[in-house]
Every structure is written in C-alpha cells, then in structure tokens.
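The following exercises concern a single protein chain.

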Amino acid sequence: MTEETTPQFSQEELESIKERVLAALEQVIDPELGIDIVNLGLIYEVELEQDGFCLIKMTLTTMGCPLADVITDEIHRALKDVPEVTETQVKLVWYPAWTTDRMSRYARIALGIR
C-alpha cells in the first residue's frame, strides 16, 4: 500500500476506532464463564495502526485453556464489523497473569464474586 492510499487517522479517530473495537470485542463471550472477554479483563491492549492492522494482546483465565482457538476465531469474526480494521492478529500473553481483580464490576456481579 502506498502512502497516498494509506488512510491517515487522527489520534482522535484512532481512539474512536479503538472504542468500537472494544465494543465489538464485548460480543465475544467466554464459553466457559458466559461473560464477554472485555468485562472479564482478558483484553490487555488494543494496538491499531494507520493501515488498519489491529493487534489484540490478551490473556486467558488459565494457561491451558482448551477454548483459545474458539475465542480467537470469535475475535476475528467480531472485528469484521469494524470497517477500518483491515487485518487482525491476536497475541496471547501470560504476564501479568490474569486474576479476578481484572474483572469489571458487571462481571463480578454476574459471577457472584465480591
């Protein structure tokens, strides 16, 4: 892609797109817990480049989670609804380790955790 055809988003536009990416990721439900991956605190970072490449850095509740591929596939499917995202890569990270402290208030209430 040449510089002339590369979309140039302002910082404000990038932040707006990232918000829509997070909203799309809220549609991805952890099959074991029945709560979306954003409210579970599994999303650590969303990086969005000018060319629409989106890198999702996330973790799972357990290192050997058998549903990693299912969740990754659902992320790719959800981000197809964000037109500015041209390519998605999901990178699993294990540090810092996920704990229930990362969960939103909504997720805590839904799962009965104080």
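**Exercise 1. Salt bridges**

How many salt bridges does a search of the whole structure find?

*Solution.* The model is a predicted one.

Step 1. The search of the whole structure finds six salt bridges.

Step 2. One of them joins Glu15 to Lys18, with the closest N and O atoms 3.9 Å apart. This falls inside the 4 Å limit for a salt bridge. Both residues belong to helix α1 (residues 11–25), where a spacing of three residues separates them by about one helical turn. Glu15 is partly exposed at 37% relative accessibility, and Lys18 is partly exposed at 22%.

Step 3. A further pair is Glu74 and Arg77, whose side chains meet at 2.3 Å, N to O. They too are three residues apart, here in helix α2 (residues 68–79), and about one helical turn separates them. Glu74 has a relative accessible area of 31% and is partly exposed.

Step 4. The general rule for these helical pairs is that an α-helix has 3.6 residues a turn, so residues three or four places apart point the same way.

Step 5. Glu47 and Lys57 form a salt bridge at 3.1 Å, N to O. Because Glu47 lies in strand β1 (residues 43–48) and Lys57 in strand β2 (residues 53–58), this pair ties together parts that are ten residues apart in sequence. Glu47 is partly exposed, at 26% relative accessible area. Salt bridges link Glu45, Glu47 and Lys57 in a network.

**Exercise 2. Order of the elements and overall dimensions**

*Solution.* Step 1. The chain comprises three helices and three strands. Read from the N terminus, the elements follow the order α-β-β-α-β-α.

Step 1. The C-alpha trace spans about 50 × 25 × 25 Å along its principal axes.

Step 2. The chain has 114 residues, of which 39% count as buried. Among contacts between residues at least 6 apart in sequence, 61% join residues at least 24 apart.

**Exercise 3. The buried face of α2**

Which residues of α2 are buried, and what covers them?

*Solution.* Step 1. Helix α2 has twelve residues and reaches 17 Å from its first C-alpha to its last, close to the expected 16 Å.

Step 1. Its buried residues are Ala68, Ile71, Thr72, Ile75, Ala78 and Leu79. Seen down the helix axis, they fall within an arc of 125°, so they line one face of α2.

Step 2. The cover over these residues includes α1, β2 and β3 (87–92).

Step 3. Ile75 illustrates the packing: beyond its neighbours within four places in sequence, Ile75 is in contact with Leu25, Val28, Ile37, Ile56, Met58, Thr88 and Val90.

**Exercise 4. The nonpolar core**

Which residues have the most contacts inside the largest nonpolar core, and which elements each supply at least two of its residues?

*Solution.* Step 1. The largest nonpolar core has 32 residues, and those with the most contacts inside it are Val21, Leu25, Ile56, Met58, Ile75 and Leu79.

Step 1. At least two residues of this core come from each of α1, β1, β2 and α2.

Step 2. As a general matter, nonpolar side chains tend to be buried together in soluble globular proteins.

**Exercise 5. Cysteines**

How many disulfides does the structure hold?

*Solution.* Step 1. A disulfide is a covalent bond between the sulfur atoms of two cysteines. The structure holds zero disulfides.

Step 1. Cys54 is buried, at 0% relative accessible area. Cys65 is buried as well, at 8%. Both values lie under the 20% limit for buried residues.

Note on methods. Residues are numbered from 1 along each chain as its sequence is written. This is a predicted model: local features need pLDDT of at least 70, side-chain atom pairs count only at pLDDT 80 or more; totals for chains, interfaces and linings use all residues. Side-chain values use heavy atoms; hydrogens and water are left out. A disulfide is a pair of cysteine sulfur atoms within 2.5 Å. Buried means under 20% relative accessible area, exposed over 50%, partly exposed in between (1.4 Å probe, protein chains only). Helices (H or I, at least four residues) and strands (E, at least two) are DSSP runs, numbered from the N terminus. The expected span of a helix is 1.5 Å times one less than its number of residues. The arc is that of the directions from the helix axis to the C-beta atoms. Contact means heavy atoms within 4.5 Å. A nonpolar core is a set of buried Ala, Val, Leu, Ile, Met, Phe, Trp, Tyr and Cys residues joined through side-chain atoms within 4.5 Å.
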